[in-house]
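Please have the model open while you read.

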Amino acid sequence: MDTAFAQRRRRDLIIAGCFAVLAALVPMFVKDVYVQNIMVLTLMYAALSQSWNILSGYCGQISLGHALYFGLGAYTTALLFTKFGVLPWFGMVGGGLISAVIAMALGYPCFRLRGHYFVIATIVIAEIALLLFQNWDWAGAALGIDIPVRHDSWLTFQFTRSKLPYFYFALALTCIAWLVTWWLEDSKWGFWWRAVKDNPDAAESLGVVVFDSKMGAAAVSAFLTAVGGGFYAQFVSYIDPESVMGFQFSLLMALPAVLGGIGTLWGPVLGAVILIPLTELTRSYIGGSGRGVDLIVYGTLIVLISLARPEGLIGLFSRGHKEPAR
């Protein structure tokens with residue numbers, strides 16, 4: 001491995017560790033519950049966007065249907081807990097595994113599509129799943145599922161008196177998603193994905209198994225996204241199809257990565273830190289009369305960043321440095 005490249009990876013790991021420690025200390029100084037809620041959502045979307053970035057950023061398979069996996073994770077966790085008493089920890093892992101299997105099953109026909117045809121397919125499949133859950137009586141149909149709050153406990157992952165446990169879990173999930181991406185970036189799979197993204201035909205001629213690489217990216221991305229969905233179900237204690245499978249979730253997973261820098265290690269985190277607080281504050285200060293204004297705000301941001309920095313906000317920190325040849 002090139003020495004400069006190895007040093008950059010070690011530097012990224014050290015910087016990430018420092019940021020994680022600083023983030024863990026923030027609740028000691030921020031006591032406002034509303035601000036803590038924004039911090040939890042910011043970390044959750046950073047993890048979700050990092051997960052989306054694995055498939056769409058590194059592998060180049062743009063998906064606007066990731067709300068499907070988010071919803072599957074949320075529903076698996078909620079249904080197992082409310083109907084069978086299965087702890088949310090097992091529900092989140094189970095939801096992740098189910099989503100990974102479904103992602104590969106859907107990928108078998110969909111990965112034969114390219115470009116905007118693939119994007120349309122992901123949207124259609126997610127919308128079909130939304131309609132199915134809206135009419136599935138056993139899963140609550142359109143009324144959704146109300147998760148009973150028993151008592152504050154890490155075992156049942158329910159807390160009513162403080163949001164800090166949710167904050168630290170969201171921080172851990174973000175760190176895991178980042179570390180998985182960091183590890184995959186320099187693995188055989190990471191090189192395959194970037195080759196497939198740049199030119200799948202050329203990659204295949206050089207021995208890259210294009211179809212298998214796409215399936216692997218889809219499975220990892222779906223698993224992490226579903227775990228985030230399971231966390232969200234426990235965090236809000238109530239879910240319905242529209243609140244966890246709506247198209248807006250697919251957009252909110254993609255936009256931080258696009259804003260920060262798609263296909264980069266730090267882009268999703270940087271984008272989420274800017275975008276999510278801006279979204280929540282816009283909703284709060286403008287109120288009900290401002291419905292959709294948050295979409296206008298970060299839509300405008302995306303356009304401006306795309307014009308000024310096509311590579312995303314992460315380009316502001318690159319200082320013209322290019323990744324060395326390996």
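## How cavities are found

A cavity here is a set of points on a 1 Å grid over the protein atoms alone, where a 1.4 Å probe fits but cannot get out. Lining residues have an atom within 4 Å of a point. Grid points are joined across faces, edges and corners, and a volume is the space filled by probe spheres set on the points. By this rule there are two cavities of 30 Å³ or more.

The model is predicted: local features need pLDDT of at least 70, side-chain atom pairs count only at pLDDT 80 or more, and totals for chains, interfaces and linings use all residues. Residues are numbered from 1 along each chain as its sequence is written, and side-chain values use heavy atoms, with hydrogens and water left out.

## The largest cavity

The largest cavity has a volume of about 150 Å³. Its lining has 15 residues. Ser63, Tyr69, Leu106, Phe118 and Thr122 lie nearest the centre. Elements giving two or more residues to this lining are α3 (67-84), α4 (88-110) and α5 (116-134). Helices (H or I, at least four residues) and strands (E, at least two) are DSSP runs, numbered from the N terminus. α4 gives the most, with four residues.

By class, this lining has 10 nonpolar, five polar and no charged residues. Ala, Val, Leu, Ile, Met, Phe, Trp, Tyr, Cys and Pro count as nonpolar; Asp, Glu, Lys and Arg count as charged; the others, Gly among them, count as polar.

## The second largest cavity

The second largest cavity has a volume of about 30 Å³. Ile54, Tyr58, Thr181, Leu184, Glu185, Gly190 and Trp193 line this cavity. α2 (33-58), α6 and α7 (188-198) each supply at least two of the lining residues. α6 has the largest share, with three residues. The class count is four nonpolar, two polar and one charged.

## Two positive phi angles

Which loop holds phenylalanine 157? Phenylalanine 157 lies between β1 (145-146) and α6 (164-185). Its phi is near 50 degrees, a positive value in a residue other than glycine. Phenylalanine 157 is buried, with a relative accessible area of 0%. Buried means under 20% relative accessible area, exposed over 50%, partly exposed in between (1.4 Å probe, protein chains only).

Serine 237 also has a positive phi, about 65 degrees, although it is not a glycine. Serine 237 is in the loop between α9 (210-236) and β2 (238-239). Is serine 237 buried or exposed? Serine 237 is buried, at a relative accessible area of 17%.

How values were computed. 1 Å grid on protein atoms, 1.4 Å probe; cavity = no way out; pocket = protein on both sides within 12 Å on 5 of 7 lines; lining within 4 Å.
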